[in-house]
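I'd like to walk you through one protein, so please have the viewer open and follow along.

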Amino acid sequence: MIEGFSLKRFLPRGLFGRSLIIIVAPIVLLQAIIAYVFFERDVDTTTRRLARDVAADMAMLVALEDSHQGAQRENLRALAARQLDYRIRFVPGNVTPLRGPPSSTIDVALDDILEQRIGKDRDFRTARIGDDFEIKVDVHDGVLDVLVPRDRVTVSKPDIFILWMVGSSLLLMGIAILFLRNQVRPIERLARAADSFGKGRAVPDFKPYGATEVRRAAQAFITMRERIERHVSQRTEMLAGVSHDLKTPLTRLKLALAMMPDDTEAKSMRGDIAEMEHMLDDYLAFARGEGGEDSSITDLGALVREVAVSAERTRPRAQITVTAPDHVAVNVKRAGLRRVLANLIDNALKHGSKVAVRLSWNDHLVEIAVEDDGPGIPEPRREEAFRPFHRLDEGRNLQSGGSGLGLAIARDIARAHGGEILLDKSALGGLKATIRLPV
């Protein structure tokens with residue numbers, strides 16, 4: 001389990017990297033197997049056979065040296081040199097220095113053959129001299145020095161095989177990367193389009209292309225996007241019509257109240273009508289979800305301070321502390337996000353005397369936290385506070401005096417940006433509402 005987890009940390013996360021590994025890994029494995037078979041089986045076996053042939057030649061030369069004398073011996077040595085294409089030299093009176101254990105294929109082969117053909121007491125030594133192989137063997141009256149061409153002992157130029165193998169692998173990998181890049185690019189574009197749409201941004205230039213399966217997925221995304229946009233548009237139009245129809249009789253009621261005496265009952269009725277109009281605006285905003293607004297680059301630091309100043313004007317005794325860096329430019333729906341901040345700050349001021357607003361961000365995420373020193377909300381009931389048209393009965397009621405849509409609208413707008421709103425306990429002792437938006 002630990003080994004698997006450690007391996008996953010080094011594996012690529014993207015589709016292109018993983019697909020490349022799927023292609024490259026078999027090529028590397030195949031090349032390793034071919035190299036093993038070639039060097040351990042073919043090259044080694046062939047080299048051993050060549051070495052045994054050279055060892056057999058040496059055994060024959062030693063036998064000729066030991067069995068002949070004088071001019072006949074020299075003639076036979078010259079004839080052997082011409083026939084075998086060896087350079088043979090006799091050094092009288094010398095002996096070969098003691099040799100160590102066999103260290104190469106030719107040493108092992110010579111040791112075996114000479115022991116079988118001549119005897120185990122015969123001393124010899126091998127050495128590389130340039131491109132040739134020198135073999136010195138003791139004979140009865142001196143040392144036989146034989147220079148054997150390298151290609152008679154070992155396989156010539158095995159590095160050419162390696163060069164061809166590596167070169168062909170690199171060529172195949174280059175072609176695979178080129179074609180794989182073209183196949184992955186439509187998927188990456190589809191992912192970017194889905195991410196932008198999830199953040200509430202328009203993707204009008206997206207068109208399906210690529211492999212058949214990718215085209216089908218892209219077309220399904222376009223169909224889904226059109227259905228969602230149509231659903232939002234129909235819901236907005238329906239609620240707008242209802243709001244318009246209800247505001248007409250409310251306007252008549254307001255005109256009738258304006259003609260009535262300014263007494264306590266009339267003031268109460270005017271308050272009820274104002275509350276009904278506010279509720280109708282909330283219903284329409286919830287149905288629309290700020291979906292009709294286009295995204296634009298907005299300085300969130302300036303926006304947070306602007307909303308805080310506006311809240312202080314409506315509540316002169318409010319204590320709002322703002323911590324926000326300058327020039328935090330993010331692509332958002334400005335009016336919608338302003339409404340979210342206004343709702344959260346207004347809720348915090350309703351239930352607390354001190355409010356702290358903090359903006360933080362990095363390359364991937366923006367967080368705006370609104371904290372207060374009010375009674376807060378118990379953890380089991382925090383999700384309940386987001387339910388539309390719902391009010392909490394005890395402790396803190398974030399939607400008191402309203403339509404029960406404040407937090408529902410705020411979360412709806414945040415999710416339209418691809419983000420979320422989370423509730424937690426505040427360091428001030430009350431509630432902490434955090435807006436998280438992807439950059």
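First, some ground rules. This is a predicted model, so keep in mind that local features need pLDDT of at least 70 and side-chain atom pairs count only at pLDDT 80 or more, while totals for chains, interfaces and linings use all residues. Residues are numbered from 1 along each chain as its sequence is written, and side-chain values use heavy atoms, with hydrogens and water left out.

Okay, the overall picture. The protein has 10 helices and 11 strands. Those come from DSSP runs, numbered from the N terminus: helices are H or I with at least four residues, strands are E with at least two. There are 439 residues, and 37% of them are buried. Buried means under 20% relative accessible area, exposed is over 50%, and partly exposed is in between, using a 1.4 Å probe and protein chains only. Now take the contacts, meaning heavy atoms within 4.5 Å. Of those with a separation of 6 or more, 65% are between residues 24 or more positions apart.

Next, find strand β9, residues 365-372. It's mostly covered, with 6 of its 8 residues buried. Which strands does β9 pair with? One is β8, residues 354-361, which runs antiparallel to β9 and is joined to it by 7 bridges. The other is β11, residues 431-438, also antiparallel to β9, over 7 bridges. Pairing here needs at least two bridges found by DSSP. β8 and β9 make a hairpin, with 3 residues between them.

While we're in β9, click on E371, which sits in that strand. Is E371 buried or exposed? It counts as buried, because its relative accessible area is 9%. What does its side chain reach? A polar atom of the E371 side chain lies 3.0 Å from the backbone nitrogen of A427. Setting aside neighbours within four places in sequence, E371 is in contact with residues including K354, R358, A427 and K432.

Now helix α10, residues 406-416. It's largely enclosed by the rest of the structure, because 8 of its 11 residues are buried. Among the buried ones are G406, L407, I409 and R411. After α10 comes G418, and its phi is positive, near 80 degrees.

Last stop, the cavities. A cavity is a set of points on a 1 Å grid over the protein atoms alone where a 1.4 Å probe fits but cannot get out, and lining residues have an atom within 4 Å of a point. How many cavities of 30 Å³ or more turn up in the whole structure? The search finds 2.

D57 counts as buried because its relative accessibility is 17%. Beyond neighbours within four places in sequence, D57 touches L84, Y86 and R152.

Definitions and conventions: On a 1 Å grid over the protein atoms alone, a cavity is a set of points where a 1.4 Å probe fits but cannot get out, and a pocket is an open set with protein on both sides within 12 Å along at least five of seven lines; lining residues have an atom within 4 Å of a point. Grid points are joined across faces, edges and corners, and a volume is the space filled by probe spheres set on the points. A polar contact is a pair of N or O atoms within 3.5 Å; within protein, one must be able to donate a hydrogen and the other to accept it, and residues adjacent in sequence count only if both atoms are side-chain atoms.
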